[in-house]
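User: I have a model open and would like to go through its side-chain contacts with you. Could we begin with the charged residues?
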Amino acid sequence: MKKLLILLLATTTLQVLGDDTFKVGLVLSPNLSWNRILPETYSNSIGEKLESSGNGVKLRGTIGFFLDRHIQDNFAFGTGLNYIFTGSGYEVETKLKNDYALQYVQVPLYIKFVSNEVADRLYIYAKGGVG
């Protein structure tokens, strides 16, 4: 599977390098993950009252690549492949502590708009899609 993905990526990159309507790039973005446990106080099976809480904010990230095809100077259709790291956890007093490390693969599909220069090196940018 990895070899097929690398072959597909290399073939696509080689095909679009000579064409000015395509842009290929790298995606690196941070994200913050946290959770909230409800109810904050509950009883276990033997009647003890236990306090629970989330374990705070965790800094995670996304890495991937994108491929944009410009249909006009200001409009482009795009896709890509992103690998997303996220997660959270919880703690129930000192008896139980659990952390989750979740990982996702995302294939975004979007349309992108970039305005002409509004002021000196100032552009308006909009992007919408699914993924």
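User: Which side chains meet in a salt bridge?

Analyst: The side chains of Lys112 and Asp68 do, at 2.6 Å from N to O. A salt bridge here is a side-chain nitrogen of Lys or Arg within 4 Å of a carboxyl oxygen of Asp or Glu. Please note that this is a predicted model, in which local features need pLDDT of at least 70 and side-chain atom pairs count only at pLDDT 80 or more, while totals for chains, interfaces and linings use all residues. Residues are numbered from 1 along each chain as its sequence is written, and side-chain values use heavy atoms, with hydrogens and water left out.

User: How many salt bridges does the structure hold?

Analyst: The structure holds one. Lys112 lies in strand S7 (residues 109-114) and Asp68 in strand S4 (residues 58-70), so the pair ties together parts that are 44 residues apart in sequence. Strands are DSSP runs of E with at least two residues, numbered from the N terminus.

User: Are Lys112 and Asp68 buried or exposed?

Analyst: Both Lys112 and Asp68 are buried. Buried means under 20% relative accessible area, exposed over 50%, and partly exposed in between, with a 1.4 Å probe and protein chains only.

User: What is the bridge partner of Ala76 in S7?

Analyst: Ala76 has Lys112 as its bridge partner there. S5 and S7 pair in the antiparallel sense over five bridges; two strands pair if DSSP finds at least two bridges between them. S7 also pairs with strand S8 (residues 125-130), again antiparallel, over six bridges.

User: Which residues form the nonpolar patch on the surface?

Analyst: Leu26, Leu28, Ile63, Tyr83, Phe85, Val105 and Val107 form it, with about 670 Å² of accessible area together. Strand S1 (22-33) and strand S5 (75-92) are the elements that give two or more residues to this patch. Patches are made of residues with over 30% relative accessible area and no salt bridge; like charges are joined within 9 Å, and nonpolar side chains (Val, Leu, Ile, Met, Phe, Trp, Tyr) within 5 Å. Areas come from the Shrake-Rupley method with a 1.4 Å probe, and for residues only the protein chains shown count as cover.

User: Where does Leu26 lie, and is Leu26 buried or exposed?

Analyst: Leu26 lies in strand S1 and counts as exposed, at 59% relative accessibility. Phe22 is also in strand S1, but Phe22 is partly exposed, with a relative accessible area of 24%.

Conventions
Helix = DSSP H or I, 4+ residues; strand = E, 2+ residues; numbered from the N terminus.
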